[in-house]
Amino acid sequence: MSDRKSVKNLPADWRKQAKALRRYGGETPAVALDRCADDLEATLVERDETTFSLVEAARESGYSADHLGRLVRDGKIPNAGRPGAPMIARRDLPRKAHAPTEPPLAEKPRRGDVSNVQIVQSIIQRGIE
């Protein structure tokens, strides 16, 4: 689930699983899955709408701030800021091949922490069995 496409597909996948759970009487875990899907969608939208200064965008994308500034001035990247103080939305950032393709959704779990994926998998398994 590390690539962006699979993360974006999770809410739809969880809703399909919730529908299957409801078919077998698993309303409570189905509601939990629907809520997880809603939360993940909101997180993805919020993440994509995050804006960066040119310096911050340069760190995220791997391109220089000057290059990104030219792309904004040339209209190749929309300016999410204002004239004289350009900002770039994460969704519009170009990325060099070696730059990370997406930021992590959350910090890595510490020992003893349970991830959201583990919680959902547990709900699905217990709801179907």
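Predicted model: local features only at pLDDT ≥ 70, side-chain atom pairs only at ≥ 80, totals over all residues.

Let me start with a question: does Arg 22 count as buried, partly exposed or exposed, and at what relative accessibility? Arg 22 counts as partly exposed, at 32% relative accessibility.

Arg 22 forms a salt bridge with Asp 34, and the closest N and O atoms are 2.7 Å apart. This pair links distant parts of the chain, with Arg 22 in helix H1 and Asp 34 in helix H2, 12 residues apart. Asp 34, at 19% relative accessibility, counts as buried.

Now to the overall arrangement. The protein chain has 5 helices and 2 strands, and along the sequence these follow the pattern α-α-β-α-α-β-α. Of its 129 residues, 27% count as buried. Considering contacts between residues at least 6 apart in sequence, 59% join residues at least 24 apart. The accessible surface comes to about 9000 Å², and 51% of that belongs to carbon and sulfur atoms.

Helix H2 deserves attention next. The buried residues of H2 include Pro 29, Ala 30, Leu 33, Asp 34 and Ala 37. Leu 33 has a relative accessible area of 0%, and its C-alpha atom is separated by 9.4 Å from that of Lys 16, 17 residues away along the chain.

Leu 33 also belongs to the largest nonpolar core, which has 11 residues, among them Val 7, Trp 14, Leu 40 and Val 120. The elements that give two or more residues to this core are helices H1 and H2. Another core, of 10 residues, lies apart from it and includes Leu 54, Leu 68, Ile 77 and Leu 93. In soluble globular proteins, nonpolar side chains tend to be buried together.

I return to the charged pairs. The structure holds 7 salt bridges. One of them joins Asp 48 to Lys 8, with the closest N and O atoms 3.5 Å apart. Here too distant parts of the chain are linked: Asp 48 lies in helix H2 and Lys 8 in helix H1, 40 residues apart. Asp 48 is buried, at 11% relative accessible area, whereas Lys 8 is partly exposed, at 42%.

Finally, Arg 90 and Glu 60 meet in a salt bridge of 3.5 Å, N to O. Arg 90 sits in the loop between strand S2 and helix H5, and Glu 60 in helix H3, 30 residues apart. Arg 90 counts as buried, at 10% relative accessibility, while Glu 60 counts as partly exposed, at 23%.

Key: Residues numbered from 1 in each chain as written. Heavy atoms only, no water. Helix = DSSP H or I, 4+ residues; strand = E, 2+ residues; numbered from the N terminus. Buried < 20%, exposed > 50% of the residue type's maximum accessible area, 1.4 Å probe, protein only. Contact = heavy atoms within 4.5 Å. Areas by Shrake-Rupley, 256 points an atom, 1.4 Å probe, with all protein chains shown as cover. Core = buried A, V, L, I, M, F, W, Y, C linked by side-chain atoms within 4.5 Å. Salt bridge = Lys/Arg side-chain N within 4 Å of Asp/Glu carboxyl O.
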